[in-house]
Amino acid sequence: METLIEFLSFSDPNVRYVAIGTVLLGASSALVGTFTFLKKKALVGDAVAHAILPGICLSFMLTGVKNPVYLIIGASATGWLSLLLIDLIVRHSRIKEDAAIGLILSVFFGIGILLLTIIQQSGAAGQSGLDSFLFGQAAALVGQDVLVFGIVAGLLLLTILLFFKELELIAFDPQFAASSGVPVRFMDFLLTTLTVLAVVVGIQAVGVVLMAAMLITPAAAAKFWTDNIKVMALLAAIFGAFSGLAGAYISYTAPSMPTGPWTVIVLSTIALVSFFLSPVKGILPRMFRQRRNRLQMLEENILKTFYLLGEDAEDWKASRTSDEIRERRRYPKGTLIYILKRLVRHGYLRQIKNNYELTNVGFNKSRRVVRLHRLWELYLTQYLNIAPDHVHEDAETIEHVITPELEKRLMEKLDFPEKDPHSSKIPLS
């Protein structure tokens, strides 16, 4: 705890620079990455990250210094050029976008490695540490870097706030955006430029290899928590900023642990938690809901079978064995016994030795399921002109999701019918 308090006090200038730098990196790249992710261009960030390496090397070769302003200008130039070339290849050839991205990524990265090797062999003064752009070196951030990153991050945030509505439109529906008067080409250019700047800001902290993760992973994690794009962008920025701060803290407590990779590991952990546990779209809650729905459908189908057997004998309260139910509808025996015991626990059935009979609650439930089934069959035959012998399967599914409001509308639309298409009586509610 003392270490955490000491870290959060930011009394050490180096800690302050690293923490602020990684937070700015995480938040700004996540904001831009939200729109890149929504436009389904996740690989674009990877291409830009690899393509800016030759720009950094060329800037150093021309100026002879590692001034972050010069490096950002050079990186932005080659990053933007890479996106322009990808667009040209896709527009004027039969090469698909993913192949074009792979092509540009490998060519630019190869040139970058070549230039980096030439610089290292040249013995130029001040070239030391230039190779840290490959894997990042957040610990090397100084006040001047943080100032430049802060200006770029502020510019990104201001631009996104000013053009949020337009970026939202081109992310979801470019055709609608164009018909609404939004300059789609300009907004695509603007988003491309923002993506390049976001990658350039983060490249010194996490490096070429990991930068794509900083761009896309926060947005992918946030998507699991909400469908509102404003909330999604805010969550992505929070995830990115928190990961940056956590990565800096881990690196502070264990100096041998690099900040950039740990930032990505924390971000990946947030993403995995979101994928599995987010209440709405998480894999585990969704599996739980699917299982619950399957059990509910099985329960209602078995209650319906009780009603149909009672309808045949005109005795709905008679006791039934599991074999009688299976003769009417083929359920796996183990599954049937399991569901019957659930129905007993829930008060829909009463068990007497090996026999089961409907309780009053169970009878009302079974009657309603049969009623909804027959109403839907009648609707399909009357309004969609489907033959009566083709409506059963559809009604088997829909009967479980018809709400009381929809049931009332069906009754009114069908003029309060008494019989279904097979001349079976529709039970009263």
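Glu314 sits in the loop that runs between helix H13 (283-313) and strand S1 (320-321); helices (H or I, at least four residues) and strands (E, at least two) are DSSP runs, numbered from the N terminus. This is a predicted model, in which local features need pLDDT of at least 70 and side-chain atom pairs count only at pLDDT 80 or more, while totals for chains, interfaces and linings use all residues. Residues are numbered from 1 along each chain as its sequence is written, and side-chain values use heavy atoms, with hydrogens and water left out.

Glu314 is not a glycine, yet its phi is positive, at about 55 degrees. With 67% relative accessibility, Glu314 counts as exposed; buried means under 20% relative accessible area, exposed over 50%, and partly exposed in between (1.4 Å probe, protein chains only). Phe416, in the segment after helix H18 (404-413), is another residue other than glycine with a positive phi, near 50 degrees. Phe416 is exposed, with a relative accessible area of 52%.

Now step back to the whole protein. It has 18 helices and three strands. Its radius of gyration is 32 Å, well over the 22 Å that the globule rule gives for 429 residues, so the protein is more spread out than a compact globule. Here the radius is taken over C-alpha atoms, and the rule is 2.2 Å times the number of residues to the power 0.38. Along the principal axes, the C-alpha atoms fill a box of roughly 100 × 55 × 35 Å.

What does the surface look like in numbers? The protein exposes about 21,800 Å², and carbon and sulfur atoms supply 62% of this area. Accessible areas come from the Shrake-Rupley method with a 1.4 Å probe, and for residues only the protein chains shown count as cover. There are 41 positive and 36 negative side chains, with the centres of the two sets 2 Å apart. Lys and Arg count as positive and Asp and Glu as negative, leaving out His and the chain ends; each charge is placed at NZ of Lys, CZ of Arg, CG of Asp or CD of Glu.

Next, the inside. Of the 429 residues, 45% count as buried. The largest nonpolar core has 66 residues, of which Ile52, Ile160, Val199 and Met211 touch the most other members. Such a core is a set of buried Ala, Val, Leu, Ile, Met, Phe, Trp, Tyr and Cys residues joined through side-chain atoms within 4.5 Å. Helix H10 (residues 184-223) gives the most to this core, with 20 residues. A second, separate core of 19 residues includes Leu308, Leu309, Tyr331 and Leu336.

At 0% relative accessibility, Leu215 counts as buried. Leaving aside neighbours within four places in sequence, the contacts of Leu215 include Ser29, Ala30, Gly33 and Val199, where contact means heavy atoms within 4.5 Å. Val199 in turn touches Gly45, Val48, Ala49, Ile52, Met211 and Leu215, not counting residues up to four places away in sequence. By contrast, Leu215 and Arg320 are 61 Å apart in space, C-alpha to C-alpha, and 105 residues apart in sequence.

Finally, visit Gly154 in helix H7 (residues 143-162). Gly154 is partly exposed, at 35% relative accessibility.
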